[in-house]
Amino acid sequence: MSAVYTTDEYGRPFIIVREQDKKARTTGIEATKAHIMAAKTVANIVRTSLGPRGLDKILISPDGDITISNDGATIMSQMAIENQIGKLLVELSKSQDDEIGDGTTGIVVLAGALLEQAEELLDRGIHPIRISDGFEQACKIAVAHLDKVSDVIPWSKDNTSDLFKCAKTSLGSKIVNKCHDQFAQIAVDAILAVADLKRKDVDFELIKMEGKVGGELADTALVRGVIIDKDFSHPQMPKVVKDAKIAILTCPFEPPKPKTKHKLDITSVKEFEELQRYERDTFEKMVKQVKDCGANIVACQWGFDDEANSLLLQHQLPAIRWVGGPEIELLAIATNGRIVPRFEDLSSAKLGSAGTIREVTYGTTNENMIVVEDCANSKAVTVLVRGGNKMIVDEAKRSLHDAMCVVRNLITDNRVVYGGAAAEISCSVAVERAADQVSNIEQYAMRSFARALDAIPMALAENSGLPPIETLSHVKSEQTKLGISSLGVDCMDTGVSDMKEQFVFDPLISKRQQFLLATQLVKMILKIDDVIVHKSDEQ
């Protein structure tokens, strides 16, 4: 029992709580400020990665693996954050990444700015619940204003120029920006190849990203088919198979074995020869079953030994072994084949078909890949990413994924707001205007929300080497004077502040999600006023 009820000499009751030294407790405003401090520290880490001129971070794992990235979600997930509130920000960027796929840095910076403003209000004696209510009101006004200033961008399968521009905006801050146009086009083509335009849905399972170190980023290509990082099982098998009929197997090419532990005693040469004959007959029967159903190539999830390999070569049946589960599934989808678990189930109806299956060799290290092209189902595509080292390949994959998510979002909802923090500045002005008409104490929180929105353009300007306060003041006054909500921070120093002319677009659903999720998290943090940590005995 951790508490004892007792009375003093006058009969007054009191409770003695044991093990009090094993608890650390923070309460009230002190707890809230400690949380805000932790969240601000985490947000400041990714602040310098915001925008097209944002800087990269290098992350080294305990195993010594190196990741170079300026993708907010990647940086946040790879940082070993111990603080509980810091972990909430990691979850925030993850939820933005899972739901939208882009805008993961901006959402953390916005949450950090909101908490910074909340701290000032707490110092002025405003209660955390009133601050939360004010932020909630301001967020509703900002989201409603986003709908007002959004534009619909028309697109069709034949006219994808606007989708291309949005993909370019997403890739602007990434390491791949020297192959900007090429990667944006790959993102658009890949999404449109697998999109179900009637349902406005995109299945990312049908897009496979395969990375190969070597070459340069410009060698990255979109293959309308499947790439398998394997080679044919025997070096003398043909390197190209035309009009392929593929048997997709998940059963091993070997004689059946008892499922439980077993032991086979061979006491004479005759028994050994019988076993050998049985194995050969089994292999030949398997190969015959594959040939009889009309297949001219085999993809097997399991391996097979040299004897089976040699028999396959003799029967002129090219084979790929050790094909992983996801690749087997993608191959089946792409070729309209069925995955066959037993040789007895093989039939011509279950075979996949493809125009060409070829083995491609890269570099001088004899690294091969199998490319399956002209598939029966054109909805499966593969992006082969090339790069000088593993870090560049990994970052290029992440960048392409973000760009594809942007295109997917526009297929789902083709409304956009303008980038370069134009939307944030416009919402900030709208919230400030609305705050003047609120008579209660929430108006202070609403003005603070507007100031927090200003943190995004200031961070963009700072990261681009521009004077932040001067740039923000200039853009804000121009927006208010001219009434043009597409004016933003000219990060690339082109001399044009109108983001409509620069073709810098952000999907509306991405921006709206940023505002809603960041406000929700800040409200949650402000409502925590007591932290009790149980210390372990070692401490």
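1. Glutamate 284 has a relative accessible area of 35% and is therefore classed as partly exposed. The residue belongs to helix H8. The model under review is a predicted one. Between glutamate 284 and aspartate 490 the C-alpha to C-alpha distance is 70 Å, with a sequence separation of 206 residues.

2. Helix H8 spans residues 269–292 and also contains glutamate 271. A relative accessible area of 33% makes glutamate 271 partly exposed. On the surface, a patch of negative charge brings together Asp265, Glu271, Glu273 and Glu274. Membership of such a patch requires over 30% relative accessible area and no salt bridge.

3. The salt bridges number 29 in total. One of them joins arginine 199 to aspartate 201, with 3.1 Å between the closest N and O atoms. The two partners fall in separate accessibility classes: arginine 199 is exposed at 58%, whereas aspartate 201 is partly exposed at 31%.

4. Lysine 390 is exposed, its relative accessibility being 57%. Aspartate 394, at 24%, is partly exposed.

5. Aspartate 436 and arginine 447 form a salt bridge through their side chains, with an N to O distance of 2.9 Å. This pair links distant parts of the chain, eleven residues apart: aspartate 436 sits in the loop between helix H12 (422–435) and helix H13 (442–463), and arginine 447 sits in helix H13. Relative accessibility is 54% for aspartate 436, which is thus exposed. Arginine 447 has a relative accessible area of 24% and is partly exposed.

6. An open sheet is built from three strands in the order E6-E19-E20, with antiparallel pairing. Its edges are strand E6 (151–152) and strand E20 (505–507), each of which pairs on one side only. Strand E19 covers residues 415–418 and is paired with E20 in the antiparallel sense over three bridges. Tyrosine 418 has phenylalanine 505, in E20, as its bridge partner. In a sheet, the strands pair by way of backbone hydrogen bonds, in either a parallel or an antiparallel manner.

Note on methods:
Residues numbered from 1 in each chain as written. Predicted model: local features only at pLDDT ≥ 70, side-chain atom pairs only at ≥ 80, totals over all residues. Heavy atoms only, no water. Patch = residues over 30% accessible without salt bridge, like charges linked within 9 Å, V, L, I, M, F, W, Y side chains within 5 Å. Areas by Shrake-Rupley, 256 points an atom, 1.4 Å probe, with all protein chains shown as cover. Salt bridge = Lys/Arg side-chain N within 4 Å of Asp/Glu carboxyl O. Lys, Arg positive; Asp, Glu negative; His and termini not counted. Charge placed at Lys NZ, Arg CZ, Asp CG, Glu CD. Helix = DSSP H or I, 4+ residues; strand = E, 2+ residues; numbered from the N terminus. Buried < 20%, exposed > 50% of the residue type's maximum accessible area, 1.4 Å probe, protein only. Pairing = 2+ DSSP bridges.
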